[in-house]
Each structure stands twice: as C-alpha cells, then as structure tokens.
Amino acid sequence: MPNRSTVSPRKVPQQRRSQALVHAVIEAAVRILKHGREDALTTRRVAEIAGASVGSLYQYFPNRDAIIRALIDSHVRAMLARLDDQMRDAFCASCPEEAVRRFAAGLVAAHTADLDRWQVIALQVLRIGDLDPSDEAWQLLIERARELVHRVAPDLPAAEASRAAKRLVLLVRALLVDALTQRPDELRDLRLTTDITDLILGYLGRLRERHMAPG
C-alpha cells in the first residue's frame, strides 16, 4: 500500500477556478477507469482529458495515487450529502429499528444511483486503502454514525458511543466495498439493506446489554 505522504494532495484548492480544475481531474480519472485498464490512468492522460496542463495538475496531485485518493474522498463526501437527507428521514421513524432500516436503505441507494462509478472507486479502495481516519471526510462520516448510535442506544456512555460509531463505519464500509466489487446484485435488492440493518442493530444491542449488565 502506498505511503500516505505520497498520495495526499499537495494543496487544497481555494478559488473557484482551482476547485473546477480538481473536479475536472477527478471526473477524468473516473472516465479513464470506467472505460480502460488501470494502467491507462496516468497523470498525462488525466490532464489531457481534464483539459489541463500537466504542470497545473501537479500543483495539486504529485502522482496518480493522489488523484485516486481525491476520488475516494469525493465519494465519501457525495455519500455524506445523500446521507444527510436520509438521516432526517430516518430520525422521523417511530422506533430505532425503523430508523436503522431507513439509514441502511439510504446508504445502499446512494451507491446504486451511479453504480459503475462506485464500483470503480471501490476497486481503488481495495488497491490503495481507504481514507485515513484523520481525514475530514472520514470524521464527518463517523459523526453521522455517532448520531445514529445515539438514536438507537442513547444510554451508552459518550466514549463507548464514539468507539461504536467508528467500528460501525469500518464494518459497513467493508460490506459496501465487498458488495460493489464482488456481489453488485445485492445492491439492487433488499439483501444488503437487511444485512446492514441486522449488523447495526445486533452490534448496538450487544453493547447495550453489556453496558446495562450488573457489575
């Protein structure tokens, strides 16, 4: 797995034009990975499709793995945007079980809207690893999970709830990556939604039992 220092963007785009460049680079990478072999993804080819110079690309991405890391980050942020809507719907549910089911359904739906894109990204997660736990997008994802933990198990101590949120993100993320790369049909029916729902409820249920047990 590449060292983190070799895959981190050189700088964060601040102005609208530089943000547009980074977006164009990410979309160019998706296009190449969708329609060609992985070795076709070179910085020169990405720059060509993005309509940018190689020099401009290198201002933000030292190599192709940095582009892929930005692609994974964009996936998590897109998932977060979809989850915000689903979280509001989930928290309107009359019981925690229904809240979790709606949450799981929304998570799966977020990956079926553009299945080819998410499959490409999932394969890259397997190749270079997922986001670092310190990354902002990852922390935002954990915060959403923490909100769900509080909805289902409000009596858990704060520290235990935070640990549970981190573990659930890792577990659910692994299920999604596995489904995208190995069993995409599960994204189109209720199996994956049911599996995620059962995993969350079972895990949090055991934590609550342990917390409430005497002694």
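The model is predicted: local features need pLDDT of at least 70, side-chain atom pairs count only at pLDDT 80 or more, and totals for chains, interfaces and linings use all residues. Residues are numbered from 1 along each chain as its sequence is written, and side-chain values use heavy atoms, with hydrogens and water left out.

**Domains**
- Domain 1 spans 7-62 and domain 2 spans 72-212. These bounds come from an automatic or database domain assignment.
- Their C-alpha centres lie 28 Å apart.
- Six residues from domain 1 and seven residues from domain 2 make the contact (heavy atoms within 4.5 Å).

**Buried area**
- About 620 Å² is buried between domain 1 and domain 2. Buried area is the accessible area (1.4 Å probe) that two parts lose on being put together, summed over both.
- Carbon and sulfur atoms give 61% of that area.
- On the domain 1 side, Leu33, Lys34 and Glu38 lose the most area to domain 2. Together they account for 62% of what that side buries.

**Charged link**
- There is one salt bridge between domain 1 and domain 2 (a side-chain nitrogen of Lys or Arg within 4 Å of a carboxyl oxygen of Asp or Glu).
- Glu27 forms a salt bridge with Arg117. Their closest N and O atoms are 2.8 Å apart.

**Cavities**
- The whole structure holds two cavities of 30 Å³ or more. On a 1 Å grid over the protein atoms alone, a cavity is a set of points where a 1.4 Å probe fits but cannot get out.
- The largest cavity has a volume of about 140 Å³, the space filled by probe spheres set on the points.
- The largest cavity is lined by 13 residues (an atom within 4 Å of a point). Closest to its centre are Phe103, Leu107, Leu168, Val169 and Val172.

Technical notes:
1 Å grid on protein atoms, 1.4 Å probe; cavity = no way out; pocket = protein on both sides within 12 Å on 5 of 7 lines; lining within 4 Å.
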